[in-house]
Amino acid sequence: MLLQISEPGQTTAPHQRKAAIGIDLGTTNSVVATVRSGHAEVIKDEQGQMMLPSVVHYGHQQTLVGQEAEHYLLNDPTNTLTSIKRLMGRGAEDMQSLSNELPYSIASGGKDGAGMPLISTKQGNKSPVEVSADILKVLANKGLQAVASGSVQELSGAVITVPAYFDEAQRQATKDAATLAGIKVLRLLSEPTAAAVAYGLDHQDEGVIVVYDLGGGTFDVSVLRLEKGVFQVLATGGDAALGGDDFDYLIARWVLEQSAADKQLNSAEQRHLLQLSRQAKEALSHQTEHKIDWQGQSLLLHQSQLQTLLIPLIDKTITACKVALQDANLSSADIDNVVLVGGSTRTIAVQEAVAAFFKRTPLAGIDPDTVVALGAAIQADLLVGNKPDEQMLLLDVIPLSLGLELAGGLVEKIIDRNTPIPVTKAQEFTTFKDGQTAMSIHVVQGERDLVANCRSLAKFNLRGIPPMVAGAAKIRVVFQIDADGLLSVEAEELSTRVKARVDVKPAYGLDDDTITRLLQDSFNHAEQDMQSRALREQQVEAERVIEAVSKALQLDGKRLLSSDEFKQLNNELQQLVTVCEQSQSVRELEAAIENLAKASDVFAARRMNASINEALAGRSLSEVEQS
């Protein structure tokens with residue numbers, strides 16, 4: 001007889017692993033990863049794709065995310081939302097500078113037009129938090145399906161990455177989105193820190209690391225110092241309007257100049273040209289030349305030509321690196337490692353420029369598109385206890401100083417920027433007027449000395465202060481920041497022990513009631529959403545069939561069909577068009593598609609025979625056999 005033995009107080013399955021994932025919620029693409037058998041790996045979808053486009057389409061019937069949503073970018077741009085990360089944590093008042101760049105209709109939320117921006121869609125107004133939640137749901141489902149086993153049926157949590165420069169509001173908005181998606185957030189981790197963890201740089205005793213992050217739409221550079229297991233962000237910089245997309249535009253402009261095109265391109269031609277340009281850029285990252293076929297012309301682009309084209313843009317990134325080093329009071333000689341992040345760093349000209357400036361070969365052994373997610377997965381695996389013997393590294397710092405408003409609108413900083421977190425700091429204050437029995441406490445964020453130049457985070461009142469002469473009362477204010485960079489503030493009058501407290505949550509985040517309502521809505525409408533998805537999938541199939549048959553009739557219908565046959569097949573086609581536009585029944589759509597397929601069988605056979613006859617016309621039997 002066998003007995004299962006375990007130490008008192010310990011689990012009978014001490015080696016059972018908990019499932020955790022790391023998520024890189026990106027501006028252009030998002031990635032999810034996990035740790036299996038001690039190794040971090042990216043989770044692919046059913047089509048083998050590692051990256052999920054950060055695109056959401058809100059149609060009448062269905063919400064689509066990723067590749068499916070991308071199909072609507074040209075046809076329905078106002079309801080197909082991209083680059084939503086740029087709006088996270090932004091107030092409606094911040095949107096004026098972005099209104100000309102976005103194809104969306106922006107409406108402010110909250111009272112008097114204040115609060116977070118809302119985007120008008122066919123499904124009503126959507127906040128950036130809700131849009132991000134829809135992306136996170138897909139990523140979390142991928143993660144759960146990948147790690148699901150007999151002993152693991154749910155995720156223990158996720159580490160989600162954010163840019164190093166994300167402030168309190170942007171971090172809170174990201175955490176709100178995760179909550180709305182049903183994800184337990186283990187930690188919000190800075191993207192450069194995650195990249196350093198992926199390369200194992202966190203196991204060094206100390207060092208200075210530069211993370212050069214060139215993505216599709218933005219460029220960021222971060223200078224990190226590692227000391228005793230803590231990554232401290234010394235400086236950040238970059239260009240929010242510079243990325244791989246700009247490389248594509250330069251190549252497209254070169255193609256037009258070489259082909260001497262003098263006509264205005266329509267939207268479809270522009271999109272096709274940019275696709276060809278992107279393919280050329282990617283090909284030249286591993287070969288010396290690439291042929292671009294454009295409107296009947298074949299153009300050969302050499303790697304050296306591409307490098308010349310890209311010099312002005314790459315120089316901009318190097319300038320940003322110089323500024324970041326100056327801000328950190330360092331030189332390139334002080335840097336121990338340079339990490340490349342973002343798909344655009346595959347460009348050879350970029351790698352050579354970075355190596356030349358920092359006088360060292362940058363680390364590029366991990367896929368730059370996935371390195372951030374891999375680092376997040378490693379940290380998530382650690383935080384759920386799968387490696388209990390390792391130290392829980394304190395890997396982050398606050399990006400901006402936090403403080404209080406003093407009399408006269410001045411700012412008293414309580415926690416300085418770049419302080420490692422979690423952290424708790426306290427400071428004592430006193431009353432300003434004789435007999436003062438209450439104190440208004442205004443929490444602000446920023447590096448300026450005047451409240452007017454900083455961001456207001458929260459206000460609350462401490463009441464019940466004994467009436468004393470000005471300066472006699474002692475009020476202790478405690479700032480506490482958790483590992484996610486989220487802040488709570490408590491004030492206490494020391495003689496009476498009266499307290500007041502606030503969890504700082506910017507007004508343009510989602511309040512708890514709203515999160516609860518939206519979560520409940522997702523549960524209540526789960527079955528309806530599933531039915532809507534099935535209907536939309538069938539409508540897409542119907543639209544594909546309609547387009548194929550319509551094109552075939554236009555080309556060969558009158559040539560291969562009698563007038564009666566043409567009329568009968570066209571009637572079946574119009575019937576499917578009507579059902580597709582009006583029916584809400586999956587079965588009706590399936591039946592209409594099947595009817596059209598049967599009606600077009602003869603036509604399809606004749607087209608195939610005609611195609612074969614045309615191919616063989618004028619050729620002898622021996623020629624056919626030889627070919």
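Buried means under 20% relative accessible area, exposed over 50%, and partly exposed in between, with a 1.4 Å probe and protein chains only. The model is predicted: local features need pLDDT of at least 70, side-chain atom pairs count only at pLDDT 80 or more, and totals for chains, interfaces and linings use all residues. Residues are numbered from 1 along each chain as its sequence is written, and side-chain values use heavy atoms, with hydrogens and water left out.

**Exercise 1. The chain as a whole**

Task: State how many helices and strands the chain has, and what share of its residues is buried.

Solution. 
- Step 1. Helices (H or I, at least four residues) and strands (E, at least two) are DSSP runs, numbered from the N terminus. The chain has 15 helices and 28 strands.
- Step 2. Of its 627 residues, 47% count as buried.
- Step 3. Contact means heavy atoms within 4.5 Å. Take the contacts between residues at least 6 apart in sequence: 65% of them join residues at least 24 apart.

**Exercise 2. Positive phi**

Task: Locate lysine 359 and arginine 497, and classify each as buried or exposed.

Solution. 
- Step 1. Most residues other than glycine have a negative phi.
- Step 2. Lysine 359 has a positive phi, near 55°. Its place is the loop between α8 (348-358) and α9 (371-383). With a relative accessible area of 66%, lysine 359 is exposed.
- Step 3. Arginine 497 also has a positive phi, near 65°. Its loop runs between β27 (487-493) and β28 (498-503). Relative accessibility is 52%, so arginine 497 counts as exposed.

**Exercise 3. Strand β14 and its partners**

Task: Find which strands pair with β14, and in which sense.

Solution. 
- Step 1. Two strands pair if DSSP finds at least two bridges between them.
- Step 2. β13 (residues 206-214) pairs with β14 in the antiparallel sense over 9 bridges. A hairpin through 4 residues joins β13 to β14. Leucine 214 stands opposite phenylalanine 219 of β14.
- Step 3. β14 and β15 (residues 230-239) also run antiparallel, joined by 9 bridges. Here serine 222 stands opposite threonine 236 of β15.

**Exercise 4. An open sheet**

Task: Give the strand order of the open sheet with 4 strands and name its edges.

Solution. 
- Step 1. The order is β23-β26-β27-β28, with antiparallel pairing.
- Step 2. β23 (423-429) and β28 each have a single partner strand, so one side of each has no neighbour in the sheet. These two are the edges.
- Step 3. Direction ignored, neighbouring strands of this sheet are turned by 15° against each other on average.
- Step 4. Inside the order, β26 (residues 475-481) and β27 pair antiparallel over 7 bridges. Isoleucine 475 stands opposite glutamate 493 of β27.

**Exercise 5. Two helix pairs**

Task: Describe how α12 packs with α13, and how α7 packs with α8.

Solution. 
- Step 1. Two packed helices are described by the angle between their axes and the distance between the axes. Axes are lines fitted to C-alpha atoms, for helices over the stretch in contact, and angles run from 0 to 180 degrees between N-to-C directions.
- Step 2. α12 (residues 563-582) and α13 (residues 586-599) pack at about 165°, with axes 9 Å apart. Therefore α12 is roughly antiparallel to α13. (Angles under 35 degrees count as roughly parallel, over 145 as roughly antiparallel, 65 to 115 as roughly perpendicular and the rest as oblique.)
- Step 3. The contact residues include Leu569 and Leu573 of α12, and Leu589 and Ile593 of α13. They divide into 10 nonpolar, 1 polar and 2 charged. (Ala, Val, Leu, Ile, Met, Phe, Trp, Tyr, Cys and Pro count as nonpolar, Asp, Glu, Lys and Arg as charged, and the others, Gly among them, as polar.)
- Step 4. The axes of α7 (residues 303-327) and α8 come within 8 Å and cross at roughly 40°. That makes α7 oblique to α8.
- Step 5. Among the residues in this contact are Ile314 and Ile318 of α7, and Phe357 and Phe358 of α8.
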